[in-house]
Amino acid sequence: GSILSSVFGERSMSGPVVHRDLDNPNPEVFEVEAPRRRNVDEQVEVERDVIDSLEVFDLIRDINDSEHPYTLEQLKVLRLEHVHADDARSAVRIMFTPTIPHCSMSSLIGLSIRVKLARSLPSRFKVDVSVFPGSHASEEALNRQLNDKERVGAALE
């Protein structure tokens with residue numbers, strides 16, 4: 001399997017993907033709430049479904065970390081308050097927080113979020129993925145990389 005398949009939870013029966021030199025060998029793991037999926041009573045019938053921040057968060061919250069057997073939500077890499085969806089403008093903005101400032105997996109995490117949303121959201125949405133301000137040593141370069149169309153196109157293949 002590819003690195004992206006390990007991130008999306010397609011792990012082999014032998015267990016999680018193990019990397020020899022982990023950037024963060026002992027990440028802090030947080031308790032997470034039960035899925036916040038809406039029930040039928042909460043949905044309002046409209047011509048098309050309105051996509052909001054909660055729905056976008058539900059799409060990406062269960063992405064697995066590439067180094068550890070935890071989700072990005074469990075590691076607080078992803079938080080609902082850093083997910084912004086504007087259905088009227090067809091725009092989604094995601095900010096994620098790497099577990100350490102020099103995390104070498106940050107581009108993989110960001111691309112995994114982008115790929116998951118590209119496969120899940122209607123094509124009308126423009127998705128912006130970035131690291132939370134001040135959370136990564138190479139923040140500016142990483143954000144450019146995460147929003148580079150050619151690199152994202154290659155990751156989608």
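## The largest cavity

The lining of the largest cavity is made up of D65, S66, E67, H68, L75, V77, P98, T99, C103, M105 and I109. By residue class, this lining of the largest cavity comprises six nonpolar, three polar and two charged residues. The model is a predicted one, and within it there is one cavity of 30 Å³ or more, while the volume of the largest cavity comes to about 70 Å³.

## Fold and surface

The chain contains five helices and three strands, which follow one another from the N terminus in the order α-α-β-β-α-β-α-α. When contacts between residues at least 6 apart in sequence are considered, 68% of them join residues at least 24 apart.

The chain has 157 residues, of which 39% count as buried.

## Residue I100

The loop between β2 (91-96) and α3 (106-120) holds I100. Is this residue, I100, to be classed as buried or partly exposed? Because buried requires under 20% relative accessible area, I100, with a relative accessibility of 21%, counts as partly exposed.

Apart from its neighbours within four places in sequence, I100 has contacts with D23, N24, S135 and H136. I100 can also be placed relative to A137, from which it is separated by 37 residues in sequence and, C-alpha to C-alpha, by 9.1 Å in space.

Conventions
Residues are numbered from 1 along each chain as its sequence is written. This is a predicted model: local features need pLDDT of at least 70, side-chain atom pairs count only at pLDDT 80 or more; totals for chains, interfaces and linings use all residues. Side-chain values use heavy atoms; hydrogens and water are left out. Helices (H or I, at least four residues) and strands (E, at least two) are DSSP runs, numbered from the N terminus. Buried means under 20% relative accessible area, exposed over 50%, partly exposed in between (1.4 Å probe, protein chains only). Contact means heavy atoms within 4.5 Å. On a 1 Å grid over the protein atoms alone, a cavity is a set of points where a 1.4 Å probe fits but cannot get out, and a pocket is an open set with protein on both sides within 12 Å along at least five of seven lines; lining residues have an atom within 4 Å of a point. Grid points are joined across faces, edges and corners, and a volume is the space filled by probe spheres set on the points. Ala, Val, Leu, Ile, Met, Phe, Trp, Tyr, Cys and Pro count as nonpolar, Asp, Glu, Lys and Arg as charged, and the others, Gly among them, as polar.
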